[in-house]
Amino acid sequence: MPVPEASEVPEIPATPLSGASLSDAQTRVLARSLPVLNLVEALAALALIVGYRASSVPPWQLLTWAAMVLGIVFLRAVASQLLRQFDGDAASLRGWQLGLTACILANGALFGIAVVWFNPIAELFQPEHVTLQALMLTLTLGLTVVALTICSVHFIAGMLYPVASLTPVAVYLAMTSPDYYSFTGGLLIFMVFGILAARRIHNSSRDTLALQARNESLIAYLNRTRANAEALNEKLSQEICERKEARQRLQDSRDRLESTVRDRTRALEQINTELAATGQRLQLALDASNICLWDWNLVSGETFHSNFERLLGYQPEALGNFMEDLQRLVHTSDFPRIRAAMVDHFKGRSSQYQVVYRLQHADGQWHWIQDEGRVVAWNQQGRATRMIGTRRDITEDKEAREQLRLAATVFENASEAIFIFDRNFHFLTVNDCFTRITGYHEREVVGHAVGEIGNLPGNQPAYRTIVQALKNEGFWEGELLERRKTGEEYPEWLQISAVYDENGRLTHYVGMFSDLTARKEAEERVQFLSNFDRLTGFANRNQFRERLQKTLTLARLNRECTALVFLDLDRFRPINDSLGHEVGDRLLKLAAERLRGCGFAEENLARVGGDEFTLMVENYTNRAELEQTCQQLISAMRRPFHFDQHELLLGASLGVSIFPDTAKDVQTLINQADLAMHQAKRAGGNTFQFYSSDMRVASVEQLALETSLRKAIFKNEFVVHYQPKMDLATDRITSVEALVRWQHPTMGLLPPKDFIPLAEETGLISAIGELVLERSCRQAVQWHRQGFSDVCISVNLSAHQFRKGNVLEIVDRVLQTTELPAHLLELELTESLIMEDLDKNIALLQGLRKRGVALSLDDFGTGYSSLSYLKRFPIDTLKIDRSFITELDQSPDDAAITRAIIDMAHSLNLRVVAEGVETDSHLRILRSMGCDSIQGYLISKPVPEAELLQLLKAQQQARA
């Protein structure tokens, strides 16, 4: 590294001190000097306190002044200490300067004020006080001199301190007496000289600080120059050492190179010898192998091939340009893959060219070829110029791998579990289905004996049988019970075969098995469905007959009686039709649960039809107990069924037959119980009937009556009678109830109880009800035209009509056809009818109300009687059932119930009609209870239209 000459040594720069830096330096010098001023001021203040303590100056005045002086001294001491450590910006520093200057001036002013404050005019220059006053003036002047010396480094502070301390004294003396003017002038002259001295001291300190700054800058520059020179010397020394070491390394390298050249020359000679031998061996290996070597000159396009004739049957002269030959012989679908692999290699995206494709053999067959190569020469532009590689026919390998892939695919995707054992029955591999069935993964079983994985102790004899069969026959299949990883047992169908090599030696065992759990469950399910009802779990008709046959056989052997109870659900069919089969199925399930809840053995219960159940009562001995059982069943079915916001009401009709009292065989017993059940249903339902011999005759008569009933509709054999209702407020007939009668051609006039149940059972009640509605409305129109305009007609609606859901259409049609005002029609219905499908039926009733039709709730108190639902019914009238009226004058309970019903109805703004009123006593009691209307034989029995017309006319004449 060259050393700079003397003329190149740079001049030492002079660093001027800026105004801000100078002010900063002056302030910091002032802060360092202030402790002396603080000490002097504190001592002076203490001296004055001591000197004036015996004077006329009040002590509080002395102490106040001293506290102010010492307080400012303390603040100044703190400020000077903080200022020494201050490292802020210029604006903050100026703030500190102003604060410090203010503290200095404040104490100067305090000492000047003390001269005036502690020396009243009367005591000024008096002999007894002159010594103390001289002391005070001396201290003040001394402090001024000290302040000038210390504070002049900051000119403002140095100049203002004498002004602040001497001005109050001079002014005080001048104002006291003209005699003191000379003394005042002396103070002012002292002040001026002090200011001039402060100016001089300030300039000197300023020059001193500037000189100090330049010295410090020069020292820093000299230090940097010395450090640079030392670094330069060190670098020169290091460079000299490196040159020496480089010279030595160069000599060593030359010696090693000469030795290496000699060694490499000998090695090359040996390599050439070995290369020649290797070339010969390579050529022999290529000739003996199934590999073709190619060398492609990319510049000329020429290609060298070896073994190509033997590999693919082509003569060397048939091949020319590398790419042209490939494009001609390679399958058209594979050539783009060759081009892509070659481009990737040329562009450096792959370390070698490698591709598999199909190439046409000279015999026309397509062979799979594996081509591998690498660029071995590049030109200056980075383009490949030479490429060498090998070509191998992998057709057989490809076919073998494809067979292995297919076998592996079959192995892994087989629907049966497959496993392979070694000769000692240790697992070698298993497929995925094995894991799915057993729960054991391959890693958990490989290497373990079959006896260690999930077997049951009871299978040991079977395992021995399997081993023996494999030794003798090489194959075994059969069913086993095994255990999963979870501990669950499962049945399996196992097939296992022994595998031998070409020499007949045993090498492996291959087996497969399938899980029979699903098939077993399906078989059990089929068995269950063939004997049990899917919906309720009860025995079905077939199972029921088998059990009944066995029960009767045992009863016959043991000379015992057996009762068969046939149960049919009332009102189930309309609910199933209106709400859907899903609701019906759930209702049947709930009904079955209630049957179970009655405490019967489930094997004695069966479902033999849609809504029909049977109960076998073995060892029957007591009819009363059987009747109690039947009543228990009826009570269970009568309770409302609640689900999905539905509240549905059912009932049950029961028929009972007894073996061997009425039947000797299964079929007869079933037929008799069914016949008794239908008899109970015709009796109104919610009851039971024991089979009797006259039921057969009644059944035949019932069939004939049904035939006649169907004909009666077309022959117009139904007539309507009317029973009047009297308003107790006016004692007038204001309404009549239409009651149907059947004018049978041979049996005469039949009351409703003889044919209405049959009509409901056969579904004919809808047609009869519609006929009665239309005929009654026409009659009401006639009365209206005859002058009886205030007579309302009441018609009963059957449950079957309501369930059909077309009541609104029928009412609209009848009112339109007959031209009857809607307010003169009242429809009567029962509470149980509404409760069958509460929300739907309430909506239907509201539709009737909107049309102006009045609604009456019939037979109140005998049905469900739900007060919580009563307030929801859109009805106008409540009819008290005759069962409460018949003994009204004799039974306090009936009277209390009747009064409660009337009061409750009136609280709901409903009118009340009492049915079955037959005596004056009934009338008198009902009047006292506030009943609105009555109906019964006391007024009139149901009469034909002509007789009712006479009653209306007689009433009209009586009022006239």
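**Exercise 1. Contacts of L827**

Find which residues L827 is in contact with, leaving aside its neighbours within four places in sequence.

Solution. Step 1: contact means heavy atoms within 4.5 Å. Step 2: with neighbours within four places in sequence left aside, L827 is in contact with L773, V795, L797, V811, L848, V853, A854, L855 and S856. Step 3: L827 is also, with W783, I793 and L825, one of the residues that touch the most other members of the largest nonpolar core, a set of 83 residues. Such a core consists of buried Ala, Val, Leu, Ile, Met, Phe, Trp, Tyr and Cys residues joined through side-chain atoms within 4.5 Å. Helix α22 gives this core its largest share, nine residues.

The model is predicted: local features need pLDDT of at least 70, side-chain atom pairs count only at pLDDT 80 or more, and totals for chains, interfaces and linings use all residues. Residues are numbered from 1 along each chain as its sequence is written, and side-chain values use heavy atoms, with hydrogens and water left out.

**Exercise 2. The pair α22 and α24**

Describe how the axes of α22 and α24 cross, and which residues meet.

Solution. Step 1: helices (H or I, at least four residues) and strands (E, at least two) are DSSP runs, numbered from the N terminus. Here α22 spans residues 765–785 and α24 spans residues 807–818. Step 2: the two axes come within 10 Å and cross at roughly 30 degrees; axes are lines fitted to C-alpha atoms, for helices over the stretch in contact, and angles run from 0 to 180 degrees between N-to-C directions. Step 3: the crossing is right-handed, that is, the near helix is turned clockwise from the far one by less than a right angle. Step 4: on α22 the meeting residues are E770, L773, E774, C777, R778 and V781, and on α24 they are I810, V811, R813, V814, T817 and T818. By class, this contact has six nonpolar, two polar and four charged residues. In this count Ala, Val, Leu, Ile, Met, Phe, Trp, Tyr, Cys and Pro are nonpolar, Asp, Glu, Lys and Arg are charged, and the others, Gly among them, are polar.

**Exercise 3. C777**

Decide whether C777 is buried or exposed, and how far away the nearest cysteine sulfur is.

Solution. Step 1: buried means under 20% relative accessible area, exposed over 50%, and partly exposed in between (1.4 Å probe, protein chains only). C777 counts as buried because its relative accessibility is 0%. Step 2: a disulfide is a pair of cysteine sulfur atoms within 2.5 Å, and the count by this rule is zero. For C777 the nearest cysteine sulfur, that of C792, is 9.5 Å away.

**Exercise 4. Backbone exceptions**

State where D731, E819 and P660 are found, and what the backbone does there.

Solution. Step 1: most residues other than glycine have a negative phi, and most peptide bonds are trans. Step 2: D731 has a positive phi, near 55 degrees, and is found in the loop between β18 (718–727) and β19 (732–744). With a relative accessible area of 42%, D731 is partly exposed. Step 3: E819 has a positive phi, near 65 degrees, in the loop between α24 and β22 (825–830). E819 counts as exposed, at 58% relative accessibility. Step 4: the peptide bond from F659 to P660 is cis, with omega near 5 degrees, and P660 is in the loop between β16 (651–659) and α19 (666–682).
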